[in-house]
Amino acid sequence: MTYRKLLLLAGAPLLLAAGPDEQAELTLDEDKGYLSAHALDVIVFDDIYPDGHQTGVTIIQHGRRVAANGDVRLEPEPGQWSPMPVSAGERTIDPATGTIRQTLSYPDPAKDGRGFNPIFYPVLDLAYTVSVTPSEGGAFRITVDLDKPLPPEWVGRVGFNMELFPGELFGKAWLMDDAAGLFNRQPEGPMVTASGGTVPVPRNIQANGPVQDPNDQALAAPLASGQLLTVAPESALQRISFRNVGSGELQLIDGRSAHNNGWYIVRTPIPAGATKNAVEWIVTPNTVADWSYEPVIQVSQLGYAPAQPKRAVIETAAGSAAAGEAILYRLTAQGREPVLSAVPDRWGDFLRYDYALLDFSAVKAPGLYEIEYGGATSNTFRIDPQVYSRHAWQPTLEYFLPVQMCHMRVNEKYRIWHGLDHLDDALMAPTGLNHIDGYVQGPSTLTRYEPGDMVPGLDRGGWHDAGDYDLRVESQIGTTWMLAKMVEEFDLDYDATTIDQANRLVEIHDPDGINDAVQQIEHGLLSVLGGYRSLGRLYRGIITPSLRAYVMLGDAANHTDNISKRPVDGLGLDTSGNPIAWDDRWVFTEDNPDRELYVAGGLAAAGRVMRAKGSPLGQEAIDAASAIAAQALDRSQNVSNKTFALAELAQSTGDEAYIAQLAAMEGAIIEDIADSGWRLASIEERLPAGFRQRLAAAVAEHQRMVEQSARTDSPYGVPYEPEIWGAGWTIQSLGVRQWFFHKGWPEATSTDGFLSALNFVLGVHPGENRASFVSGVGAQSATVAYGVNRADWSYIPGGVISGTNLVRPDLPELKEWPYFWQQGEYVMGGGATNYMFLALAADALYGGTAAPAD
């Protein structure tokens, strides 16, 4: 069958309705530094995060990033630990032709700073240039030039890849010459093993262990090969054609066959002997002439208390005309009734959009509401004095914290969230080792234990951090500290869960008569103090030794065999090239006085709460905090952590020596007011009078700067500079600081700081995805998240994702995709408990407020 006949059978009226003559031509936008046309942008090596599918040649079609990571790669289906190129000079732009070029290279992987080891990867010395030039009909040309031909052993391995985002392609069609198919939700075979024809992969990720030849890698056969690929021919908004106009051929590969977090890949292997124009493509993304970015109305997905400030942020296309009035409707049994109409106040431009603000603080009557503007409608939200009292912070305490608990079996009625896990914790890590996740064990264990020794006391307590199963000490103590402050500041007392430490059992929604928050504090202390008792110092972290286990998804009970030092086959090699004999996790130590002081502060606060509850862990934690601080204070230059430890110890011990030490640090604290000042809110009245006065003046000046940044950085009312990683956790942390600044210096600090941070997390953030970052909280929330159950496209209620991130230079993005850690990851410490604190703070400030008549 001919290609044209296949197009006609596939539905040619839609496919042929927008020919090249109707496509807007790409031109160079010199201010932005990328190619642009109506409804289309092509960004070339502006981004720097290939691990997160953010670099190389990137296509933004109708406002959505649909393809990225267009670059030369050393394997058909690269993954997170695959070799990646480094820039070999500045990106260049030719204004006359609109061409954007980037030269890159693959140096010796052992020397490129990424930790790759020639034990796992051979060396390839390769330099090349990727060029992107506008072409006719809204297309662009990609060419790849090599500095020299590939070595024979690399022919068939090295190719130019472009990755297609899978999440919006499932169920869509593809055409490759005379072949056709669908983008399936799951990757499928047939599988092929290519000996010598594909790049080696790390031996320690291989299921069968280091004896397997790393040149043998099982991959799915390409979905199709040919010269012309059309993606989503049935969709005018998504259709893209890729035409190979050089040597070789196009391959369409499902990159998820080798890595769960892979994308679909369009690839051309680089032919033998090729240098100039080693790869040449013409890429034509379809654009719809009358497409425009619709207004996005960003409101708290949870809602508002009657008396609190209420501002919706309206995001519109850059340069778009005002759409008249926004209307606030109240929903009744009879339908909608308008209660307010006003022209939103223009804020200005931010990133690639224009913004306006609608203040509806005057509306206080309880009820359900929605906002309409420019043909768009917000999600439904509540105004209610109890909006933060129920279905707000509770999912974090009821679900997320229990599900993340280590060394326990966690049940929820018919469901088992995970089985009893990690009873074989932990072995002393090898010395002189740089772990794949950044843990470093120096030349000594710093303890009486030798590498490989079983360290007792580490098989209790702790929460699995992030979307994996490690226990970082700062995450453990950060979570413990936040829970302790919630008990102290808001009298948090809530029981929905049975936590049975004796039997290592958690039963969600089966109360046991004990405050869940206190039981969770105990769980954190069991881990941190357990390590301190055995090691005589703090652990740095506890983590699996093998990459195979590190990437495991699913039940934590399967992460190890729960039996100490039982030999396990297939674990591969560690990053020093040594065989891994056991699946038991390793415990790392470090000499880090700054981190030790941070932990000391958390221990002092948690100990204070537990002592008040009659737990022997209370005084033990305070004593440990005192001892740790005594060893670390003189060795640390971190003013914030020194202030933290001293302030919390002053509260826990009543010892005025700690106050004197703080007074001696006055100059340093005032100079570091943003990071250190808020730590003193709870003991401000105990400081010397002169210090208090100067501290208050410094806080007032700092708050003026904070308010200025909140007004000018973005339309969101918080200091905000978008980055590769979503800023949700950072903004929550700033919100917690602002609450303490308000507590200590209410005359200088507005409540807007922590309320705006809370609203940001709950839905008032940039980008078309208005979802609350808090899974299961609000009308629309992140219900596909980077947690331990991400392979199921699922979530954990009460977990808080990192949120909207920046695709450089100017695209805010929050996709529904379970494998974007920079957008959708849960973490302990700075994530869920910070949100929980802010929700409790808002409830304390506004909960139960009477709602005066409008």
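In the hairpin formed by strands E2 and E3, two residues lie between the strands, and Ala39 adopts a positive phi near 65°. Strands here are DSSP runs of type E of at least two residues, and helices are runs of H or I of at least four residues, both numbered from the N terminus. The model is a predicted one, in which local features need pLDDT of at least 70 and side-chain atom pairs count only at pLDDT 80 or more, while totals for chains, interfaces and linings use all residues. Residues are numbered from 1 along each chain as its sequence is written, and side-chain values use heavy atoms, with hydrogens and water left out.

Strands E2 and E3 (residues 40-44) run antiparallel and are joined by three bridges; strands count as paired if DSSP finds at least two bridges between them. Ser36 stands opposite Asp41 in E3. Strand E2 also runs antiparallel to E1 (residues 27-29), again with three bridges, and Asp29 stands opposite Tyr34 in E2. The hairpin of E1 and E2 has four residues between the strands, and Gly33 takes a positive phi near 80° there. Within E2 (residues 34-37), Tyr34 and Ser36 point one way and Leu35 and Ala37 the other, and all are buried. Buried denotes under 20% relative accessible area, exposed over 50%, and partly exposed in between, with a 1.4 Å probe and protein chains only. In a regular strand, side chains alternate between the two faces of the sheet.

An automatic or database assignment divides the protein chain into domain 1 (38-195 + 212-285) and domain 2 (296-383). The centres of domain 1 and domain 2, taken over C-alpha atoms, are 42 Å apart. An unreviewed UniProt entry places the feature "domain: Cellulase Ig-like" at residues 294-378; such annotations may be inferred rather than shown by experiment. Over residues 294-378 the chain is 58% strand and 0% helix, with 12 Å between the end C-alpha atoms.

The largest nonpolar core comprises 160 residues, of which Ile371, Leu603, Leu680 and Tyr835 touch the most other members. Helix H17 (residues 832-846) supplies the largest share of this core, 10 residues. Apart from it lies another core, of 59 residues, including Phe140, Trp154, Phe170 and Trp263. A nonpolar core is a set of buried Ala, Val, Leu, Ile, Met, Phe, Trp, Tyr and Cys residues joined through side-chain atoms within 4.5 Å.

Gln703 is located in helix H13 (residues 689-712). Gln703 counts as buried because its relative accessibility is 1%. Leaving aside neighbours within four places in sequence, Gln703 is in contact with Gln738, Phe741, Ala748 and Thr749, contact being heavy atoms within 4.5 Å.
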